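Trainee: I am new to this structure and would like a close look at a single part of it. Could you take me through the aromatic rings, step by step?

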Amino acid sequence: MKQGTDGLTGKTIGGLDYLRQRFTDAFNTPLGSLVGAREYGSRLHEVVDRNIDQSFEMLCYVRVSEAIANPHNGLDDFRLAEMKITPLGEGQVELDLEGVLTYNGEPVTLEGIVFNGQRSN
């Protein structure tokens, strides 16, 4: 599994913690907003102000799937199977993702990924 730098501590992290950090960063970065990497990010910010109903959930699933499939986001080590959305209010939703790691087929669940419509640091 990939390893990288923890965005808060600067220490090396890996495993599911690093995967969760990569999801959070990619989902909260609007596609096209980074000058040096216009292809990085997601289009989740486009759905923030919509009513939370079945069409909202389906649109979120599509946007999350697009972000995972985007090779510029570096999320190719995960294949999405299911997603649960919990509204948190004020334009925020919590995503619980279920899927498999593509390099070994291990099923994983990542709970509590918060999308807030703003790029996280």
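Mentor: Let us begin with Phe27, which counts as buried because its relative accessibility is 1%, and keep in mind that the model is a predicted one.

To compare ring pairs, we need two quantities, since a pair of aromatic rings is described by the distance of the centres and the angle of the planes. The structure holds two aromatic pairs. In the pair of Phe23 and Phe27, the ring centres are 5.3 Å apart and the planes meet at 35°, so this pair is tilted, given that planes under 30 degrees apart would count as stacked and those over 60 as edge-to-face.

The other pair brings Phe23 together with Phe78, and here the centres lie 5.2 Å apart while the planes stand at 85°, so the arrangement is edge-to-face. Because Phe23 belongs to helix H1 and Phe78 to strand S3, this pair ties together parts that are 55 residues apart in sequence. Phe78, like Phe23, is buried. Taken together, the ring pairs link Phe23, Phe27 and Phe78 into a cluster.

From Phe78 you can follow the strand onward, for S3 covers residues 78-89 and is joined by ten bridges to strand S4, residues 92-101, with the two strands running antiparallel.

How values were computed:
Residues numbered from 1 in each chain as written. Predicted model: local features only at pLDDT ≥ 70, side-chain atom pairs only at ≥ 80, totals over all residues. Heavy atoms only, no water. Pairing = 2+ DSSP bridges. Helix = DSSP H or I, 4+ residues; strand = E, 2+ residues; numbered from the N terminus. Phe/Tyr/Trp six-rings, centres within 6.5 Å; stacked < 30°, edge-to-face > 60°. Buried < 20%, exposed > 50% of the residue type's maximum accessible area, 1.4 Å probe, protein only.
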